[in-house]
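Please read them with the sequence and the coordinates open.

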Amino acid sequence: MKVHKHEAIIVGAGGAGLMAALYASKAGADVAVVSKLYPTRSHTGAAQGGIGAALGNLDEDQPIYHTYDTVKGGDYLTDQAAAKILAENAVDAVIELEHMGLPFDRTSEKRISQRRFGGHTRNFGEELVRRACHAADRTGHMILQTLYQQCIKNEVHFFDEFQVVDMIVVDGAVAGVIAIELGTGEFHIFHGKASFFASGGWGRCWSVTSNAHALTGDGAAIALRRGVPLEDMEFFQFHPTGIYRMGILITEGVRGEGGVLINSVGERFMERYAPSAKDLASRDVVSRAIYLETREGRSIKNRGYVHLDIRPGTVNRYFAEEGRDRNDFIDDATVERKLPDILDFCRTYLGVDPVKEPMPVQPTAHYAMGGIPTNVDAEVVIDAAGTVMPGLYAAGETACVSVHGANRLGTNSLVDLVVFGRRGGMSMAEFVKQADWKALPANPEGEIRAEFDRIRNATGKSRSGELRAKMQETMMENIGVFRTQETMQRGIDDLAELRERFYTDIQIDDKAHVFNTDLMEAWELGALLDLADVTARTAIEREESRGAHSREDFKERDDENWLAHSLISHDGVLADPTYTVSFDKPVDLSLWEEEIAQGLPEDKQKFRPKARVY
Ligand SMILES: Cc1cc2nc3c(=O)[nH]c(=O)nc-3n(C[C@H](O)[C@H](O)[C@H](O)COP(=O)(O)OP(=O)(O)OC[C@H]3O[C@@H](n4cnc5c(N)ncnc54)[C@H](O)[C@@H]3O)c2cc1C
């Protein structure tokens, strides 16, 4: 058994993991990054539209407006002090990325260019503001490349294509992780003073998703199984514009540049659902509108999709109607320059040319608002009182610091990665300076090796691909954009049946050790089933509609009873777990009660929790 010893072990090499690695190594810690993917293949590289920061380069903007939008967009489940840190640190973080060499698009004065995005407003909701900093529609790609280069320069150790499958807990503290080297199938122990999960999301629980194949939520599932409750799991964002049936994301930046959603009768239907924000209303609102249009028979060809139209003729017609400045009008060359990857996806995968034809889009499972609970220094907390689990950190999509509340605003995930990745890296470096090494227990990999042996040697009739597809369908149908008690119960029952088959009737075809994707995918299915289950079980308990959790049997937000974070824990029994759900973790309302209310002009003081978003 190979044992690697590094003070700080980071699981994941996306934006959050690389930012944490960079800052922990700059502060003098010995850092290892363990990643199942080659770092620059991480999903952060797929982020398109931009990173939000109140630079005010094109419109007047301030971090407090960004904070307010984040709280409001999160349907008031956002922890407000954390949102303030996010918005304030975003400004420095973007400028720092620029100084590291990130090639942002420029304004004519050579400042960082910014575009509109849903829910980004000035002066507490008064008017849409250009806040999303972007490098064409490849912002995440540029962030990932920039951070990776900086990590190499700082001599971070990389263990690429090592998949972490378990965490070592000694006396309630974390002493490292266990990984499988994909190229050999061997187990390795990573012994650390601190371990940091930055392992990304779990969109692969659903059948139509914008998420890459690798987004199976391994880190969150490992933490859950080792006693860390997960927070706010019922909130999973559906992005309104995925390519029909494929789920591939069409960035909100398309609507930011003027694109509009059109139904089968040629109507710009968002004018009815959100008269002021229209197509740039927050994502939960737009996704629900597309479903409602479909239900009322106005989807294109009655197939559950609508058109997203960025043709300059259409866009300029609406701009003219709205009385927009002629300088804002677009032409084919603008679209080609600002959205090159989107045009490429549509031309390649659909044979549709967006400058000539509208794009067919439908909501796609996109982003986990919930996850491993942390405080604002990325330390993992394990109860409603905020008790820290020593030696464990998390940031990025797998974590829940809770800046996104019940619904994340576009461009805030990239901000979350760099802001809380950086804070986490620094606090982890402090921790490892004073912490002692914990001795490893005897045979730390025993349990997880037994689980892998079970999967490898099982002789059942079910294949993991079939079980995964069934899980994804039931999640899409029953725990999707709209939910009721009945659909969610159906989802929970289906998941129980799939779990039983996974633990009693599975078989894999590949018994080899080298790059055994069959084996790894089967294990990942176990992780996905746990995450699907906790999503469904927290969702069925929350009897209200808030942000991305939209119940047809409880249509209103109910702050009196449900303005609280959920926590769900697992007793560690894989085949037949017992879950405990609680709703007693308070939401941090510090800002909204004091600062925001005070800072608002009198006529804006209608900002109250009961007010519905848009
Ligand atoms: C198509 C798309 C477009 C998006 N556009 C935007 C946007 O414009 N703006 C915005 O703010 N947000 C956007 N998002 C959301 C945002 O990109 C993600 O939430 C964010 O990049 C997640 O970063 P991360 O560092 O948490 O994880 P990822 O970038 O997903 O990286 C996860 C890392 O963990 C590693 N890993 C996972 N499991 C294991 C394991 N078991 N063992 C070892 N390593 C493991 C992987 O190898 C990978 O390196 C977009 C998302 C998608 C899918």
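1. Leaving aside its neighbours within four places in sequence, which residues is F197 in contact with? In this predicted model, with those sequence neighbours left out, the contacts of F197 are V11, V164, M167, V177, G219, I222, I372, L392, Y393, A394, A395 and T398.

2. F197 also belongs to the largest nonpolar core, a set of 79 residues in which F197 and W202 are the residues with the most contacts inside the core. The helix that gives the most to this core is α16 (residues 517-541), which supplies 14 residues. Apart from this core lies another, of 57 residues, which includes A21, I85, C133 and V418.

3. Helix α16 also packs against helix α5 (residues 218-225), and the two axes come within 9 Å and cross at roughly 70°. Because angles of 65 to 115 degrees count as roughly perpendicular, α5 and α16 are described as roughly perpendicular to each other. On the α5 side the contact is made by D218, A220, A221, I222, L224 and R225, and on the α16 side by W523, E524, G526, A527, D530, L531 and V534. By class, the residues of this contact divide into eight nonpolar, one polar and four charged. I222, one of the α5 residues in this contact, is also among the residues that F197 touches.

4. The contact of α2 with α3 comprises seven nonpolar, four polar and two charged residues.

5. The last point concerns C346, which lies in helix α11 (residues 340-350). Is C346 buried or exposed? Its relative accessible area is 0%, and because buried means under 20%, C346 is classed as buried. Leaving aside neighbours within four places in sequence, C346 is in contact with I250, G351, V352, P354 and M359. A395, for its part, is one of the residues in contact with F197.

How values were computed: Residues numbered from 1 in each chain as written. Predicted model: local features only at pLDDT ≥ 70, side-chain atom pairs only at ≥ 80, totals over all residues. Heavy atoms only, no water. Core = buried A, V, L, I, M, F, W, Y, C linked by side-chain atoms within 4.5 Å. Buried < 20%, exposed > 50% of the residue type's maximum accessible area, 1.4 Å probe, protein only. Helix = DSSP H or I, 4+ residues; strand = E, 2+ residues; numbered from the N terminus. Contact = heavy atoms within 4.5 Å. Nonpolar A, V, L, I, M, F, W, Y, C, P; charged D, E, K, R; others polar. Axes fitted to C-alpha atoms, helices over the stretch in contact; angles between N-to-C directions. Parallel < 35°, antiparallel > 145°, perpendicular 65-115°, else oblique.
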